[in-house]
Amino acid sequence: MSCRLVCFSGRAAGLTLGRVHIDLHTHSTASDGTDRPADLVAAAAAAGLDVVALTDHDSSAGWAEASEAATRHHISLVPGLEISTMLAGASVHLLGYLLDPAYEPLQAELELILRARDTRLADVVERLQHCGVDICEADVRRHAGGALAVGRPHVADALVASGVVASRDEAFNTWLDRGRPGYVSRYATATPRMVELVTAAGGASVVAHPWGRGSREVIDAESVETLAAAGLVGLEVHHHDHTGSDSRMLETIASEHDLVMTGSSDYHGTGKVNHELGSHVTPTEEYERLLDRARVNALASRREVATVAGG
Ligand code: AMP
Ligand code: ZN
Ligand code: FE
Ligand code: FE
């Protein structure tokens, strides 16, 4: 990363501009997005964003390329990850920002998750083949293009390429979602444990799309209280998966625990419709609170954390 301390640039902190556009959740080809990290950063700048976070699934592999591009495009890049966790049997995605990716206990968990993603692939392909779908593992790996976090979207891309379905969305609805013939579960870390790991790695954790599919049944006032006690910093209240009333209720839950309230697009390039860059954004004050909380955790951890680049 280009600087050791979390940078508060005039642009990012909203000191000189009226409205600052901040999008804290996006995916690149380092996981299941379709833009390379540098292209994503260029697209974010072109879309008028002042701050963008790169939060690939379970991997920080895109950070270096994105940070370098952020400097060129005069935009602030917040390094993050969207980590696969599990709470009461349901999948919960946890965003981890501004942490030290070299923190060994975190690295060990991410390796377990990535390995489970990798081994799941053969089972998914076998189930699909069993249903008469003409697909092979090599096809999927070609679509993953070397991403460490091989996921169902890459299987979906292989199904689209072979003409089985017309889109990623149709692939999930017909074959890959929970309850569909190609669904196979995989290992994910317990959510409170991952909140602790992100904190110990000097970063800040935020529950992604708390009331999106999967986590809606398990994220409530009680579980948020448990996660806040474990060190959770925020809830992503504004997201495509939430209705207006969901967001208002989540704001109430967040306020009760003094949690930061973020908003993000969850951009995946052409891989997900209605998730354009900046389609949901984080208010400047909430971004500043997130940076403050991350800075406190960074100091307490005494670790060399990744910092905001560019600006
Ligand atoms: P996986 O990480 O392999 O469990 O796959 C889950 C990922 O697939 C999510 O994080 C989303 O990015 C993506 N996804 C889920 N549903 C859809 C959908 N209907 N269309 C496109 N992408 C989806
Ligand atoms: Zn994704
Ligand atoms: Fe997610
Ligand atoms: Fe996401």
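The iron ion (ligand 3) and the zinc ion (ligand 2) are separated by 5.7 Å in this predicted model. Local features were taken at pLDDT of at least 70 and side-chain atom pairs at pLDDT 80 or more, whereas totals for chains, interfaces and linings use all residues, and side-chain values rest on heavy atoms, with hydrogens and water left out. Residues are numbered from 1 along each chain as its sequence is written, with chains lettered from A and ligands numbered from 1 in the order in which they are written.

Glu82 (OE), His93 (ND1) and His209 (NE2) coordinate the iron ion (ligand 3) at 2.1 to 2.2 Å. Donors here are N, O and S atoms within 2.8 Å of the metal (3.2 Å for Na, K and Ca); water is not among the atoms, so sites may look incomplete. Along the chain, the donors of the iron ion (ligand 3) have the spacing E-x10-H-x115-H. Distant parts of the chain are linked by the pair His93, in strand β4, and His209, in the loop between β6 (204-207) and α9 (221-230), which are 116 residues apart. Helices (H or I, at least four residues) and strands (E, at least two) are DSSP runs, numbered from the N terminus. His93 is buried at 18% relative accessibility, and His209 is buried at 7%. The term buried denotes under 20% relative accessible area, exposed over 50%, and partly exposed the range in between (1.4 Å probe, protein chains only).

The protein donors of the zinc ion (ligand 2) are Asp32 (OD), Asp32 (OD), His57 (NE2) and His268 (NE2), at 2.1 to 2.6 Å from the ion. Their spacing in the chain is D-x24-H-x210-H. Asp32, in the loop between β1 (22-23) and α2 (37-46), and His57, in strand β2 (residues 51-57), lie 25 residues apart and link distant parts of the chain. Asp32 has a relative accessibility of 7% and therefore counts as buried; His57 is likewise buried, with a relative accessible area of 7%.

A further iron ion (ligand 4) lies 4.5 Å from the zinc ion (ligand 2). His25 (NE2), His27 (NE2), Glu82 (OE) and Asp266 (OD) coordinate the iron ion (ligand 4) at 2.1 to 2.2 Å, with the donor residues spaced H-x1-H-x54-E-x183-D in sequence. The arrangement is irregular because the four donor atoms subtend angles of 77 to 164°. Under the criteria applied, four donors are tetrahedral if all angles lie between 85 and 135 degrees; four are square planar and six octahedral if opposite donors are over 155 degrees apart and all others between 65 and 115; anything else is irregular. His25 is buried, with a relative accessible area of 0%, as is His27, also with 0%.

Arg168, in helix α7, is buried at 9% relative accessibility.

The largest pocket has a volume of about 1,200 Å³. Of its 48 lining residues, those closest to the centre are His93, Arg152, Phe172, Asp177 and Arg213. At least two lining residues come from each of β3 (76-87), β4 (90-97), α4 (104-130), α6 (152-161) and α7 (168-176). The lining comprises eleven nonpolar, 22 polar and 15 charged residues. Nonpolar residues are Ala, Val, Leu, Ile, Met, Phe, Trp, Tyr, Cys and Pro, charged residues are Asp, Glu, Lys and Arg, and the others, Gly among them, are polar. Pockets and cavities were defined on a 1 Å grid over the protein atoms alone: a cavity is a set of points where a 1.4 Å probe fits but cannot get out, a pocket is an open set with protein on both sides within 12 Å along at least five of seven lines, and lining residues have an atom within 4 Å of a point. Grid points are joined across faces, edges and corners, and a volume is the space filled by probe spheres set on the points.

One cavity of 30 Å³ or more was found in the whole structure. The largest cavity has a volume of about 40 Å³ and is lined by Arg117, Arg120, Leu121, Val124, Val150, Gly151, Arg152 and Val155. Two or more of these residues are given by each of α4 and α6, with α4 giving the most, four residues. The cavity lining has four nonpolar, one polar and three charged residues.
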